[in-house]
Amino acid sequence: MRGILTSSVGVTCAAALLLSAAPVSAAPARPAPQAGRAAPGTTQSLPLVPLRRDRALGAVTEQGLQRRDVRHFSLVGVIWDDPATALHGGVQVRTRAAATGAWSGWQTVETHADHGADPGTAEGSSGRLHGATAPLWVGDSDGVEVRVRAEGASGDGRAGTLTSPLPSGLRLELVDPGAEPALMGSPADAPRAGYLDEGATAASAVNTDVAPLGAVEIPALSRQATERDLLARRSAEPAGGERVKPYIGPRPRIVTRRGWGADESLRERGFVYTKKVKAAFVHHTASGNNYRCSQAPSVIRSIYRYHVKSMGWRDIGYNFLVDKCGNIYEGRAGGVSKAVMGAHTLGFNTNSMGIAVIGSFGSSKPSSSAVTAVAKLTAWKLGLYGANPRGKTYLKSGGGNLYPKGKNVRLNVISGHRDGFATTCPGKRLYSKLGSARSAAARYQGR
């Protein structure tokens, strides 16, 4: 099913990315509401140069950059020309903290950013896409060193057992998220407190069914109020049988794109929708756990810029993001209650949504606050579309490395990224919590 493209002009008129993990707070932190316009972020894109060559193999086995001064940045990643080419090897970076001048040790960057737009879609066929590593959040830095070593390379210049060459066009991406938006009072003040340009108006207008135009957050609703809201939506639809009490969890608080300071000029105009939301895929951003919850908006702005400016996507890939304190953030623009097509699970972006927990959970345990937030979010959003979080559903593959295009695949309604694509995402420690999330989400729905 091809997504449906809706012009943002019409909506406007209708409205008139490893250091040691930071400690997790005992109770979910609530970022201060933010409004206004953030200072624009930037991306430095630096071509990598050969560092080692294996004469016996006749190939460059290591590329990178020696230590150098650069403009401020907070997130790093490596991209290359062909999105269909995998990077078989290792990527390591070390960075210099801007505040102290101290260099970090070598940090490993996850080489497999296994997300993407479905083949055959306008986004997947745009010609702007790049291969990419996962992004790594390093905090405010002004110096960098990087090395990308091919798999099987010896590292000392001696002959190794090179399995494949490094991809062409390797570049280091250094992302500065820009300054936080100016504080402009309470959420109620937001519509009149700051200027909304066309892109911001369009991104906010698609949420006016749940919050005022220009709102920095979508407030939580009680279970009863959420049920009334859903019944009111259904009453506006054509009659099609007996109206029954809905299974839906209470709507959680969601920080909007305006709340985390999205630069709406980065993304493509308009929004792409599918028919419904039958499943939720849970991810981790693989960007590391060294962030404070107050920094989560900066991390999200960095990932957004990396997805769009570096990887070539139309918008951030995930539909929602969750931080370690359990705060939920609107991701890809198009409306939090709507079936927005993302670029989170290559082959299964149609009729699904992607939720990314900010962090890396291969060996680190996700916080209970984050897992609870996933359960609450899925209980509400899946409930809007009549989906049982403990159930199974069928999705048709759009083509990927696990299932061929056109195959109907039976999946858990709440699945991990690895269920639809051969990847380690969302990390084994987060993946092991999905059973608990399913059960909790079903309870929130009253099942």
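Let me begin with α7, which passes α9 in a right-handed crossing, meaning that the near helix is turned clockwise from the far one by less than a right angle. Helices (H or I, at least four residues) and strands (E, at least two) are DSSP runs, numbered from the N terminus. The model is predicted: local features need pLDDT of at least 70, side-chain atom pairs count only at pLDDT 80 or more, and totals for chains, interfaces and linings use all residues. Residues are numbered from 1 along each chain as its sequence is written, and side-chain values use heavy atoms, with hydrogens and water left out.

The axes of α7 (residues 368-384) and α9 (residues 434-444) come within 8 Å and cross at roughly 45 degrees. Axes are lines fitted to C-alpha atoms, for helices over the stretch in contact, and angles run from 0 to 180 degrees between N-to-C directions.

Which residues of α7 meet α9? They are Val-371, Thr-372, Ala-375, Lys-376, Thr-378 and Ala-379, and their counterparts in α9 are Ala-437, Ala-440, Ala-441 and Tyr-444; contact means heavy atoms within 4.5 Å.

Turning to the sheet, 7 strands form an open, mixed arrangement in the order β10-β11-β15-β14-β16-β13-β19. Two strands pair if DSSP finds at least two bridges between them. Strands β13 (residues 279-284) and β16 (residues 352-357) run parallel, joined by 6 bridges. α9 packs on this sheet, touching β13 and β19.
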